[in-house]
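The following note sets out a number of points on the model under review.

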Amino acid sequence: MNSAFNIDADTAIELHRLMVLIRRFEEESSRLYMQGKIRGFLHLYIGQEAVAAGAIPCLRDDDYVVSHYRDHGHALAKGMDPRAVMAELCGKATGSSGGKGGSMHLFDVSKGFMGGYAIVGGQLPIAAGLAHAIKYREEDRVVLCFFGDGAVNEGEFHESINLAAVWKLPVLFLLENNLYGMGTHVEKTHALGKDIYLSADAYGLPSAQIDGMDLMAVRDTTLKALERIRAGGGPVFIEAMTYRFRGHSVADPSNYRDSKEVSFWQVRDPIARFQELALENEVMTGDTVKGINEEVDRTVAKAVRFAEESDAPDPNDIADNVYA
């Protein structure tokens, strides 16, 4: 069941465009990986677009986002240039980290995107630290920290949640529960199974579990959480139930998932779901949808061309930005 549709046409169009951009960008990334133009690991966000598009646009420009290694969608939603992101994935000097970070280490301080982190749970203490700095400086800012269900079994999760609660830090912890930590179902790895949000009770955090395939549910819950945090109410925990349509990484055949389960989630595709809702509420038309698709295709094509035509990093720069 969809949440109430309570946004205007301009907002609906922008949010739909963002989800389509993330989807098309990831599809092209997959293609480039198969061609050997992207190397290393590549973790796609396909299927989870409503979480990024529902939450990140609720932030102010000077708020921070800290993410995990499935970070492309978050980076795009925070306003990073698709060309710089694609160039980084391709290991080019024009990439957001000079081609040295790759898929799992996107970073753009100017956009408040404070990194994707390859270490599971490693972003949680970073988020707590940023939030502590905000409170220390008496700034009106918030940290939005994304993490997956695998991270809740790490010590950093409990340490970060506890300190954030004790110090009433301005951080929103947003769990993207896509049911699988690599190839293992969450019910086999966590005592609470599909109800991880209940673990926030132990630290006194207000929490909620929402449909992460429903953009409006993500948006409405995020706005309420941010209002509480900005008012000095301390951290909030949201668990968004979502699903990655592809494997853990592009190299993962995903043969551990039952086809019925995959089909169950695919019919809940967040893009198709929101598009149908927007058409029903007459804030978009078929021509609008067509225009968005064509515009996004051009944007992604430019990003791919930019990455392919960019130079590789200069080998003489290998020691730059190394601090040990």
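1. A salt bridge is taken here as a side-chain nitrogen of Lys or Arg within 4 Å of a carboxyl oxygen of Asp or Glu. By that criterion Arg273 and Asp211 form a salt bridge, with 2.8 Å between the closest N and O atoms. Arg273 belongs to helix α9 and Asp211 to strand β7 (residues 207-211), so the pair ties together parts that are 62 residues apart in sequence. Helices (H or I, at least four residues) and strands (E, at least two) are DSSP runs, numbered from the N terminus.

2. The model is predicted: local features need pLDDT of at least 70 and side-chain atom pairs count only at pLDDT 80 or more, while totals for chains, interfaces and linings use all residues. Residues are numbered from 1 along each chain as its sequence is written, and side-chain values use heavy atoms, with hydrogens and water left out.

3. Buried means under 20% relative accessible area, exposed over 50%, and partly exposed in between (1.4 Å probe, protein chains only).

4. On overall architecture, the protein chain has 10 helices and eight strands. Its radius of gyration is 19 Å, close to the 20 Å that the globule rule gives for 324 residues, so the chain is as compact as a globular protein of that length. The radius is taken over C-alpha atoms, and the rule is 2.2 Å times the number of residues to the power 0.38. Along the principal axes, the C-alpha atoms fill a box of roughly 55 × 50 × 40 Å.

5. Of the 324 residues, 53% count as buried. Contacts (heavy atoms within 4.5 Å) between residues 24 or more positions apart make up 74% of those with a separation of 6 or more. The accessible surface, from the Shrake-Rupley method with a 1.4 Å probe, is about 14,500 Å², and 51% of that surface belongs to carbon and sulfur atoms.

6. The protein chain carries 33 positive and 47 negative charges, whose mean positions are 2 Å apart. Lys and Arg count as positive and Asp and Glu as negative, with His and the chain ends not counted; each charge is placed at NZ of Lys, CZ of Arg, CG of Asp or CD of Glu.

7. The whole structure contains 14 salt bridges. One of them joins Arg23 to Asp269, with 3.1 Å between the closest N and O atoms. This pair links distant parts of the chain, Arg23 being in helix α1 and Asp269 in the loop between α8 (259-266) and α9 (270-280), 246 residues apart. Arg23 is buried at 9% relative accessibility, and Asp269 is buried at 14%.

8. A local pair is found in helix α1 (residues 9-34), where Glu14 and Arg17 lie three residues apart, about one turn of the helix. Their side chains meet in a salt bridge (2.3 Å, N to O), and Glu14 is partly exposed at 47% relative accessibility. Elsewhere, Arg60, Asp63, Asp140 and Arg230 are linked in a network of salt bridges.

9. Which residues does Leu226 contact beyond its neighbours within four places in sequence? They are Cys58, Leu59, Val142 and Leu172. Leu226 lies in helix α7 (residues 215-233) and is buried at 4% relative accessibility. Its C-alpha atom is 9.3 Å from that of Leu144, 82 residues apart along the chain.
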